[in-house]
Amino acid sequence: MRIAVCDDEEKFRTQAREMIDKLAGSIDVVVDAYEDGRKLLQAFDANPYDVLFLDIEMPAMDGITLAKKLRERSDSIYIVFLTGHVEYALEGYEVNALRYLTKPIQEDKLREVLRFVMDKSSSKRQLLIKVEGEETLINVSDIIYLEAQNQYVMIYTVSGEFLVRYNIGDFEEQLKNDGFFRVHRGYLISLARVKKMVKGDVLLDGNDGEVSVPVSRSNIKPLKEALYSYVESSAF
């Protein structure tokens, strides 16, 4: 996820950037900071951002004007205004602002914003697969686990099973930022589906009750660490 902070005051840019990095934890987040809205627009045109934290009162280009220009470029970005003046709230409706945060930013309020955006992003994320010659989109949040089967991979989801001619290592790369962990040479699981670990297995929340997946001995400790990290980042 790409996040940008635009504020003409360095102390608030630094505060926002450091706080976002802290709250994001192990989640793959890139945070860039700008002191001028014009520079942000140039950067956005080159490589768009997902979330934008904009100071309203800036000399060269105020935050409302900047938000309108950004909204012309994208309907899907999340815009959060940084301000100490609530009277600007009505203008924010014109650009479909997600939230207003007062400065200095309160950590619990920022946590709420990030949690909302993360939940929305993960629920929208889809995986394109080819099943029997036809391309199919499946929701990443619906995947329980993946199992390598010779030259194929079976994808177990809440809505059914999909057998695809693929390499499980490629799926591991595609899903590395979506809370998936390779517990065994032949298994890739969703950490969100983990219920508990029992000896050399991990129990997942499946369609019809618990599903047991083997964990290789060398991955038991890394899996526990990944689970702790995942839980921390999910809690924000």
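Residues are numbered from 1 along each chain as its sequence is written. Because this is a predicted model, local features need pLDDT of at least 70 and side-chain atom pairs count only at pLDDT 80 or more, while totals for chains, interfaces and linings use all residues.

**The whole chain**

Let's start with the fold. The protein chain holds seven helices and 15 strands; helices (H or I, at least four residues) and strands (E, at least two) are DSSP runs, numbered from the N terminus.

| Property of the protein chain | Value |
|---|---|
| Box filled by the C-alpha atoms, along the principal axes | roughly 60 × 40 × 30 Å |
| Share of the 236 residues that count as buried | 42% |
| Share of contacts with a separation of 6 or more that join residues 24 or more positions apart | 52% |

Buried means under 20% relative accessible area, with a 1.4 Å probe and protein chains only. Contact means heavy atoms within 4.5 Å.

**A closer look at Met 58**

Where does Met 58 sit? You will find Met 58 in the loop between strand 3 (51–55) and helix 3 (63–73). Its relative accessibility is 7%, so Met 58 counts as buried. Setting aside neighbours within four places in sequence, Met 58 is in contact with Cys 6, Asp 7, Asp 8, Glu 35, Gly 63 and Leu 66. Gly 37 lies 21 residues from Met 58 in sequence, and their C-alpha atoms are 8.3 Å apart in space.

Terms used:
Side-chain values use heavy atoms; hydrogens and water are left out. Buried means under 20% relative accessible area, exposed over 50%, partly exposed in between (1.4 Å probe, protein chains only).
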